[in-house]
Amino acid sequence: MRHIILLLFLALYGYSYGQDCTYTFTGKLIDFHDGTTLSSATIYIKEQDKYMTSDFDGNFKIENLCRGKLTLTISHIACETKTVSYIINSNTTETIALEHHIEELNEVSVTGNIITKETKTAQENLLKVETLKRYSALSLGDALKEVSGVSSINTGNAIVKPMINGLHSSRLLILNNNVRQQDQEWGIEHAPNIDINSADNISVIKGSGALAFGGDAVGGVIIINPKRVILKDTLFGKTIAGGQTNGRGFSLSSSLNKNYANGWFINGQATLKQNGDFESPDYILSNTGSKSKGITLRGGKKTFEKGFELYYSFFDTEIGILRASHIGNIEDLVTAINSDEPSVINNFTYDIDPPKQDVKHHLLKASYYQRFKNFGKLSLQYDYQNNHRFEFDIRVGDDRDKAALDLVLQTHTVMADIILDAKPNYRLKFGALGRYQNNFANPETGVRRLIPDYDKFDFGIYVLNEWPLSSKTVLDAGLRYDFNRIDAKKFYRTSRWEERGYDEDFEDFVIDDLGTQLLTNPVFDYHNFSASAGIKHDLNEKSYVLANYSLSSRPPNPSELFSDGLHHSAARIELGDLRLTKEVANRIAASYSYEGSKFNVLLEGFYNRINDFMFLEPFGVEQTIRGAFPVWNYVQRDAELYGLDLSASYTILDSVDITNKTAYTVGNEIKSGIDLIDIPAFNTRNTITYRNDKWHQFSFALSNEWVFEQNNFPNNNFETTLASSGETVLVDISTPPPAYNLFHLYSDITFDTSENTTLNVALSVNNIFDIEYRAYLNRLRYFADDLGRNIMLQLQFNY
Amino acid sequence: MKTIKYLFITLLTSTLFVACSSDDDNPPPVNEEEVITTMTITLTPQGAGDTVTLQTRDLDGDGPNAPLVTVTGNLSLNTTYNGSVILLDESDPDDVENITEEVQEESDEHQFFYTLSNNLGTVSYSDLDENNNPVGLLFSLQTVASTTATEGLFTATLRHELNKDAEGVSNGNIANAGGETDISESFTVSIQ
């Protein structure tokens with residue numbers, strides 16, 4: 001049919017313009033990157049249904065062309081096939097550039113489900129959508145624990161902060177669709193404000209080997225990517241609905257994608273989750289309900305030569321914090337530690353009362369890229385984030401419903417990146433970043449500001465290069481410089497200002513004296529250099545080794561500088577220090593990977609020496625009207641962390657395999673040898689999985705999670721005199737809880753509901769035997785047991 | 001693609017605009033609420049004798065300075081004292097607030113607990129909240145008739161959001177009270 005129309009069309013054309021078929025089209029084919037000529041390319045002339053080839057110099061000539069449209073389809077070995085069209089009304093000469101960088105093409109290829117790693121020589125682990133879907137009802141931090149060596153530090157069960165090789169918070173850099181997440185991440189009780197359902201794949205990079213994104217990732221980088229844009233006329237989506245017994249929760253997430261072959265795309269995604277009070281095996285964990293909703297909208301155009309994207313995401317979460325964890329003084333803490341059960345146990349409810357958090361996070365991004373002939377690719381990006389965090393404490397009187405913390409953090413970032421890849425086997429990437437951030441602490445809370453108002457300015461430049469030394473070996477290296485300025489306006493109690501000795505060292509900062517308090521204007525500049533170098537060598541087709549070194553440098557965050565007050569659930573006074581300087585980490589790491597037909601193993605080792613590592617340490621005791629409180633202040637000491645992460649799988653039978661994920665991490669201060677706090681204990685997870693692809697891709701997995709008792713911990717215990725009885729007791733806040741051993745189950749099955757739709761039904765049971773346990777890395781372990789059995793049913797409909 | 005370029009220019013310009021628009025106004029100080037800096041307990045003997053005043057005063061709140069604890073007067077043996085409490089927020093010397101009224105208004109969620117060590121005396125509540133549970137803003141202290149001790153610790157604790165119905169709580173036993181501590185202070189008192 002098409003040919004007939006074409007013939008008809010040509011015939012009409014020929015009839016109308018019969019006299020004008022005298023034009024000549026002279027073409028020259030070159031490589032897009034380096035301008036070299038392309039010989040022996042096939043050129044299909046659509047209007048004439050004829051083929052020809054380019055000569056040795058990449059030239060070709062089409063003669064006797066008629067006036068009108070000329071469409072050429074050009075193909076060349078290892079190049080993207082390109083179709084171009086011209087309107088011919090005179091003799092025409094054109095240079096046509098083809099693209100031969102296969103790797104780049106993957107980014108826009110039609111077919112590939114290939115998700116490429118972000119780095120070449122770093123310890124990078126990829127979590128794909130098949131894995132992530134299991135965590136649809138949970139949080140980002142829960143999903144990341146699939147990677148050996150990644151754990152989490154929790155406040156209850158809904159606030160889950162990822163931890164890579166024992167480091168967390170400001171030491172991890174989280175990129176959400178190429179935007180660095182700015183959501184008060186310094187706080188150990190501030191989980192990333194990201195909906196796990198907006199992610200299609202997540203890269204976890206251990207160490208700072210991804211300098212393009214920042215030089216302060218002492219612990220690691222988490223890169224969250226949305227679904228790749230595919231150049232195909234297609235409309236697809238999925239809906240995940242789940243319910244769980246523990247917390248009587250539900251979650252619903254839906255996404256829809258529309259792509260066009262010409263590169264245009266638009267997609268949207270929304271999630272709604274809610275649960276009531278969770279339950280430990282023996283009691284209800286009162287006030288642990290949570291609610292969250294997330295929306296993501298994304299659209300743009302993506303072609304090989306250029307493209308743009310607009311992206312908006314909104315995440316709103318309200319999280320109840322275990323009621324019994326809110327305490328007034330040390331005596332309350334002693335009572336909690338000595339009691340087997342939390343002090344408040346109410347009936348199950350979906351209501352969320354104080355203490356609670358309510359956070360709204362908006363992210364807006366616009367990006368544009370263009371490739372230039374004989375040059376490379378230029379990318380530009382602007383993003384804006386607005387993070388509004390409320391924390392509600394238990395308050396009395398008129399302030400009952402008033403937030404105790406009300407912070408608005410706004411961040412604007414502009415980035416420009418250039419990749420020079422015109423020459424073969426050469427790839428240089430460099431770029432610059434500018435960022436402005438403003439934090440506003442609402443004074444209407446009636447509570448002294450935890451974090452002051454501040455303006456922060458960042459500027460960074462970096463350069464990265466790659467050298468393929470041979471077909472088996474690749475070397476890369478990078479350098480980065482960052483400048484940070486923080487300009488804060490903070491009120492200090494005069495007594496605190498003097499107690500810290502700031503009146504002698506920072507007299508110039510005082511801009512107003514209000515009698516009992518001082519308004520100060522601390523301004524600090526930090527210059528940070530970071531670097532990375534790595535090598536990856538393929539031993540053979542099945543195995544490789546890689547080794548890398550990274551230098552990262554992190555300036556103190558607002559909490560480390562400015563903290564100044566009572567931390568309720570910890571019953572301690574936490575003090576920042578204006579004298580802190582940047583911490584500098586030197587990390588060396590090596591990995592070995594083997595992927596055979598039956599046996600896979602990945603072994604990753606690291607040694608991270610951090611000079612001037614910042615952490616909280618007990619300093620003394622201060623008396624207040626509520627009794628004595630231990631004071632913890634930020635100090636800097638040289639520290640070291642090292643460890644080994646193993647993941648292995650072995651196929652016993654065709655349909656049965658066993659996998660093991662084990663991580664061992666050690667951290668201590670170098671001079672004193674004192675262990676660092678909050679280092680994950682030795683843990684190992686074994687899973688046995690049965691699969692039957694013939695029977696609706698059925699799978700059934702039973703896993704055992706064994707977390708040892710952490711024997712390496714700092715002793716921060718202290719004595720206190722109880723006012724009610726007059727006796728002196730030891731407050732044991734240090735001893736980690738005993739080891740625990742949990743069994744989990746996961747089974748799923750996929751039905752083809754029609755030609756283009758599938759239904760995946762998954763059943764999972766966590767903590768099958770309803771074991772009572774407390775986790776060392778859960779900050780509410782003093783107050784209550786962790787979660788009991790949880791049965792989840794999840795339906796995923798793909799269309 | 002032109003539109004995209006314009007979009008970018010607009011966005012970049014708006015960034016600069018926002019970046020420059022941060023003014024230099026100083027933030028206002030926070031008017032701290034729910035702060036108790038001072039508790040004054042007055043023990044007035046029924047009949048003749050000296051009034052005993054116990055005070056704890058911590059003007060910098062959670063700041064580094066310890067509360068100033070003062071006791072004036074000595075307890076007398078075999079005496080009944082009428083006790084009363086006044087709570088103040090003196091963190092701003094120009095705007096002293098009386099917090100006693102706030103506790104009075106929410107008396108069903110607050111309770112004081114008092115003990116006197118060395119068996120020097122017993123405390124009983126003299127006031128009730130709307131649920132007929134004690135509050136402790138008013139109480140009476142009965143000292144013993146004779147003792148070998150010369151001094152003891154008078155401990156006062158204020159809790160809120162406690163369980164007033166728990167066993168012993170209405171008799172002044174703090175053990176099962178739960179809740180959160182607002183004030184906890186021990187005063188060394190002499191008896192003669």
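A residue counts as buried if 20 or more other C-beta atoms lie within 10 Å of its own, as exposed if there are 12 or fewer, and as partly exposed in between. A:Asn287 has 28 C-beta neighbours inside 10 Å, so it is buried. The model described here is predicted.

**Contact between the chains**

- Chain B gives 52 residues to the contact, and chain A gives 53 residues.
- On the side of chain B that touches chain A, the elements giving two or more residues are α1 (2-20), β9 (151-160) and β10 (180-190) of chain B.
- The largest share of that side comes from α1(B), with 8 residues.
- Sorted by residue type, the side of chain B that touches chain A has 20 nonpolar, 19 polar and 13 charged residues.

**A sheet in chain B**

- Two of the elements named above, β9 and β10 of chain B, also belong to an open sheet of 3 strands.
- The strand order in this sheet is β6-β9-β10 (chain B), and the pairing is antiparallel.
- The edge strands, β6 (110-116) and β10 of chain B, each pair on one side only.
- From one strand to the next, the twist averages 15°.
- Between β9(B) and β10(B), which run antiparallel, there are 10 bridges.
- B:Leu158 has B:Ile183, in β10(B), as its bridge partner.

- B:Glu161 sits in the loop between β9 and β10 of chain B, the two strands joined by 10 bridges.
- The phi angle of B:Glu161 is positive, near 50°, and this residue is not a glycine.
- B:Glu161 has 18 other C-beta atoms within 10 Å, so it is partly exposed.

**Loops in chain A**

- A:Asn287 lies in the loop between β20 (284-285) and β21 (290-302) of chain A.
- Although A:Asn287 is not a glycine, its phi is positive, at about 70°.
- Is A:Asn287 buried or exposed? A:Asn287 is buried, because its count of 28 C-beta neighbours inside 10 Å meets the cut-off of 20 or more.
- Which two residues of chain A does a cis peptide bond join? The bond joins A:Pro354 and A:Pro355, and its omega is about 0°.
- A:Pro355 is in the loop between α5 (330-338) and β23 (356-372) of chain A.

How values were computed. Residues are numbered from 1 along each chain as its sequence is written. Chains are lettered from A and ligands numbered from 1 in the order in which they are written. This is a predicted model: local features need pLDDT of at least 70, side-chain atom pairs count only at pLDDT 80 or more; totals for chains, interfaces and linings use all residues. Two residues are in contact if their C-beta atoms, placed from the backbone, lie within 7 Å. Helices (H or I, at least four residues) and strands (E, at least two) are DSSP runs, numbered from the N terminus. Ala, Val, Leu, Ile, Met, Phe, Trp, Tyr, Cys and Pro count as nonpolar, Asp, Glu, Lys and Arg as charged, and the others, Gly among them, as polar. Two strands pair if DSSP finds at least two bridges between them. Axes are lines fitted to C-alpha atoms, for helices over the stretch in contact, and angles run from 0 to 180 degrees between N-to-C directions.
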